[in-house]
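Let's take a walk through a structure and see what its chains have to show. Keep the 3D view open and click along as we go.

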Amino acid sequence: MIVRQFGVRQSRQLLALSRRAPVSARFLSTETAVETPVTSSPESSVPSINSPLESGSTQSKQSLTESEQRWRKWEASKNAFHKLGSTTKDSYEPVPLSASEITLEHLLAAGTHMGHSTSRWNPQNSRYIFGIREGVHIISLDVTAAYLRRAAKVVEEVAARGGIILFAGTRKGQKRSVVGAAHLAKGYHIFERWIPGSLTNGEQILGHCETKVVNAFDEELPEFKNDLQDRPVVKPDLVVVLNPLENVVLLHECGLNNVPTIGIIDTDADPTRVTYPIPANDDSLRSTDLIAGVLGRAGQAGQNRRLQDAKDGKFSYQPVSADWLRLDPFTGMPLEAEQQKKK
Amino acid sequence: MARHAPNGIVQAMQLLRLQGTPYRRVIPSLRPTARFYATETEPQTPSTEALPEQTAEPQLEVRPAPEINFAKFQQRPARIVPASRAYFSGNPRFIDHVLNLEHLQQKYASLPQVPAGEAPRMAWFKLAQFRDFVGEAVPVKKYRSLLKLLQQLNRIEPGIAPQEVRTAISVFLRPGNPYAKEHTPREVDENGCARAKGKRKTSTAVVQLVEGEGEVLVNGRSIVDVFPRVDDREKALWALRSTERIDKYNVWVRVHGGGSTGQAEAITLAIGRALMLHEPGLKPVLRKAGAITVDARRVERKKPGHVKARKMPTWVKR
Amino acid sequence: MGKINLTALRVRETALKQFASGKIKRLPQWVDVVGDVPPPEALIRKPPIQHQLVRQRMKTIPGSSQPQTVFEVQEKRRKPKKASRMFQPVELRYEEDELRQEFFRDHPWELARPRVLVEPTKNRFQHDWSRMKQPGKRLDGESVVQRQLWLLNNVPDMTKSAAYDIARREFYRLRLQEDIERRIAAEEAEATGAQFGPSMLEVGMELENKQYELWKDWAKNEAQILNQKFASLSGAPELANENDEKEPVKSFESVEPEELN
């Protein structure tokens with residue numbers, strides 16, 4: 001960060017000093033005075049579909065607008081001065097912490113200990129509560145850390161067995177962490193409303209969504225594309241819910257479909273709704289981000305383990321067989337076409 | 001914040017629980033941590049069975065794909081997984097598009113942008129077209145948010161906008177370019193006839209105006225027949241009367257739809273517009289006279305639960 | 001099932017039963033995971049953690065030469081708890097709370113100063129309060145509270161009010177020092193050519209002037225309109241002209257004698 005700041009500051013001063021140079025260049029040469037930096041060469045081959053774009057770009061070729069010139073200059077100076085100045089150490093890199101790196105201080109700094117007003121508590125949570133402060137329940141952080149590690153272990157193991165992990169956080173602002181965690185753990189995400197019946201009435205709601213058959217390295221096998229029709233929809237093997245209070249329907253459906261769940265349980269939530277509760281503050285984005293990040297990292301570790309096994313030529317889970325894929329999904333018998341073929 | 005050791009009752013409960021459930025292993029460390037199934041599934045048999053039949057009929061034009069060797073680890077199916085990370089949301093393709101655009105927006109947030117009015121005009125998909133494009137029932141509100149994203153990306157300075165952004169945006173454009181054809185101003189044709197159209201309520205009037213001595217034909221009849229009321233006649237010819245040109249032009253009108261008021265006022269508008277083609281200098285006069293001002297009011301639709309558009313049924317005690 | 005829904009906690013059991021009865025063809029992959037890492041016993045209540053207010057003091061005891069550390073535990077209230085409240089959490093209380101309350105009651109304006117809300121994960125509690133000034137921490141009300149607490153804990157026979165006085169005196173001195181440093185820095189900067197722009201007061205005056213000028217324009221206009229109205233009512237147009245000539249606004253300023261004539 002320091003380097004960047006330095007570059008900007010210095011370049012601005014230097015630009016101010018050498019302001020005369022381009023003027024003289026203009027008088028001496030017939031070419032355009034503005035240098036084009038190497039970084040971006042747009043409009044060289046714009047597809048013919050977007051003619052409005054093209055017309056815009058041809059205009060800009062003839063006469064660059066003021067802001068464009070300014071930006072190009074800035075870019076050129078950035079390139080020139082990028083390597084100057086000091087080098088930074090200890091810069092902030094927004095990589096989520098893994099479960100083994102989590103300390104109570106991290107949890108405290110993220111505000112995971114803040115519960116709800118004492119009047120809103122669910123007495124089933126009494127074992128997670130450390131005390132009362134200013135009329136607010138304080139969640140015991142050592143319990144939080146222990147339960148978080150336990151949940152992370154579950155996520156890791158399920159990921160290592162090729163399970164389908166669904167991260168759900170439907171509050172405003174949880175989108176980024178949910179998508180990030182799903183990306184890390186190679187799982188799936190929900191950041192808008194859970195459509196009721198997506199599990200219990202999956203054919204209707206998720207029936208049109210595509211699935212694919214993959215091998216142990218997660219590469220798609222297109223040969224089976226036709227065999228995927230009329231199959232029951234995919235169901236998750238583990239559901240992580242960042243706001244269980246708003247996702248009662250999702251948790252209920254998980255119960256009906258016998259899917260284990262992990263949830264952040266605040267002092268006003270019901271801990272028996274989920275299989276693995278993580279007692280923590282679910283109203284602070286920092287807290288939910290931290291927990292989603294930890295679980296995402298755990299999932300990543302599990303996936304890496306699974307892929308490593310695949311490299312060694314092993315399945316860490318029971319794979320579907322080609323035979324089974326070629327069976328009729330309704331009758332469980334071989335398809336008619338094949339039967340006729342054999343006759 | 002010491003760790004809380006379970007007390008005697010808890011331990012007893014735990015023991016009971018552990019012994020009560022027959023499936024739970026008490027000592028997990030004795031079990032291997034992960035099972036491997038590589039030896040459990042043999043190389044698939046149907047491939048070897050099907051092979052001779054295929055060789056028997058090689059003269060067929062449509063040949064099946066070469067048989068897969070499932071013995072190879074690479075080609076053995078392992079899992080059925082959703083194609084998109086947003087599978088469980090119900091509209092995965094749409095959400096993937098949104099996430100992609102948001103990613104681009106974040107990536108190029110530092111690029112200079114032009115004001116909203118100066119960005120190149122783009123013909124994005126209409127909602128129905130977009131639904132066909134993604135193959136999902138996308139709600140209106142969500143599509144609007146996507147359009148907002150597209151417009152923001154479109155506002156990046158056209159000369160600088162990276163190729164990545166251009167290609168990502170161009171996916172959402174309607175085929176053809178509706179904004180390409182230029183608007184040609186209307187003029188008086190070679191016969192000295194000016195055509196114009198006017199609308200009011202549900203009536204539409206098309207007027208042809210030529211220089212002449214003040215004859216008016218509405219739908220082939222004289223104006224007195226069509227509009228028996230003086231008021232309507234006055235209204236219909238107001239554009240000519242207010243500029244004192246009633247005896248200098250011949251008017252030929254075709255009007256349909258609506259009632260007499262609507263038709264008369266539609267004719268006013270149409271004549272005003274046609275007159276402006278003949279004499280553009282009259283515009284301020286016509287504007288002031290109200291002859292070229294469009295009245296865009298239409299009948300408000302009736303609502304369920306109402307008697308008319310807004311009227312509620314009268315309250316009845318019982 | 002009763003009052004509590006145990007479906008979520010018994011997923012593994014259910015899966016095994018379903019498999020045994022043939023409802024599902026294969027066991028889910030997570031069955032042995034849930035077996036290895038079982039769900040917690042969420043429903044077993046346990047007595048809440050008890051918190052007591054503990055005061056640490058140094059006291060000189062008549063017999064011994066060295067002052068000794070004494071811990072005073074606040075007496076528990078004798079009134080027995082209701083049985084139903086047995087498992088309720090207990091209030092957390094610390095000695096600083098009283099000190100903090102006292103300081104901010106006396107110095108409420110200290111609450112208006114900007115505060116850093118971001119909590120760093122490292123070196124949070126590694127301050128040595130044997131002196132007031134701390135590296136990496138801004139001087140504020142919390143410094144006084146912590147310093148006072150340190151004095152109470154470590155100085156023999158220290159009373160609360162004496163510790164408060166000592167901490168406050170140090171605090172005022174440091175605040176004064178900060179003020180002087182800031183003023184001198186500004187003077188030095190100005191001497192070497194820095195310009196700080198208009199002060200808050202000047203900006204305020206400028207805004208006020210602007211509004212006043214706007215009002216003057218508006219009032220001029222209004223006065224003219226009023227005059228014209230009066231003139232038309234009385235039917236004497238020359239009156240309006242007369243009034244127009246000597247606009248009422250000119251009475252604000254010095255009217256030159258030539259214009260009156």
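Where pLDDT is low, the predicted coordinates should not be read in detail.

That matters here, as this is a predicted model: local features need pLDDT of at least 70, side-chain atom pairs count only at pLDDT 80 or more, and totals for chains, interfaces and linings use all residues. Residues are numbered from 1 along each chain as its sequence is written, while chains are lettered from A and ligands numbered from 1 in the order in which they are written.

**How confident is the model?**

Chain B has a mean pLDDT of 83, with 78% of its residues at 70 or more. Chain C averages 85, and 84% of its residues score at least 70.

**Two sheets**

A quick word on names: helices (H or I, at least four residues) and strands (E, at least two) are DSSP runs, numbered from the N terminus. Two strands pair if DSSP finds at least two bridges between them.

In chain A, three strands make an open sheet in the order β1-β3-β2, with antiparallel pairing. β1(A) (114-117) and β2(A) (129-133) are at the edges with a single partner strand each, so one side of each has no neighbour in the sheet. From one strand to the next, the twist averages 30°. (Angles run from 0 to 180 degrees between N-to-C directions, and axes are lines fitted to C-alpha atoms, for helices over the stretch in contact.)

β1(A) is joined to β3(A) (residues 136-139) by two bridges, and S117(A) has V136(A) as its bridge partner. β2(A) is joined to β3(A) by four bridges, and G131(A) sits opposite I138(A). The hairpin of β2(A) and β3(A) has two residues between the strands, and E134(A) takes a positive phi near 50° there.

Chain B has an open sheet of five strands, ordered β2-β3-β6-β4-β5, and its pairing is mixed. Its edges are β2(B) (194-200) and β5(B) (221-222), each with a single partner strand, so one side of each is left without a neighbour. Seven bridges pair β2(B) with β3(B) (residues 203-211) in the antiparallel sense; in one of these strands, β3(B), V207(B) is the bridge partner of A196(B). Helix α10(B) (residues 260-278) lies across β2(B), β3(B) and β6(B) (249-256), running at about 150° to β2(B).

**Helices side by side**

| Helix pair | Axis distance | Angle |
|---|---|---|
| α4(C) (141-154) and α5(C) | within 9 Å | roughly 135° |
| α3(B) (92-107) and α5(B) (140-154) | 10 Å | about 30° |
| α7(A) (175-184) and α10(A) (285-311) | within 7 Å | roughly 10° |

Angles under 35 degrees count as roughly parallel, over 145 as roughly antiparallel, 65 to 115 as roughly perpendicular and the rest as oblique. α4(C) is therefore oblique to α5(C), α3(B) is roughly parallel to α5(B), and so are α7(A) and α10(A) to each other.The contact of α7(A) with α10(A) has five nonpolar, seven polar and two charged residues. For α4(C) with α5(C), the classes are eight nonpolar, two polar and four charged. In this scheme Ala, Val, Leu, Ile, Met, Phe, Trp, Tyr, Cys and Pro count as nonpolar, Asp, Glu, Lys and Arg as charged, and the others, Gly among them, as polar.

Key:
pLDDT is the predictor's confidence in each residue, from 0 to 100. Two residues are in contact if their C-beta atoms, placed from the backbone, lie within 7 Å.
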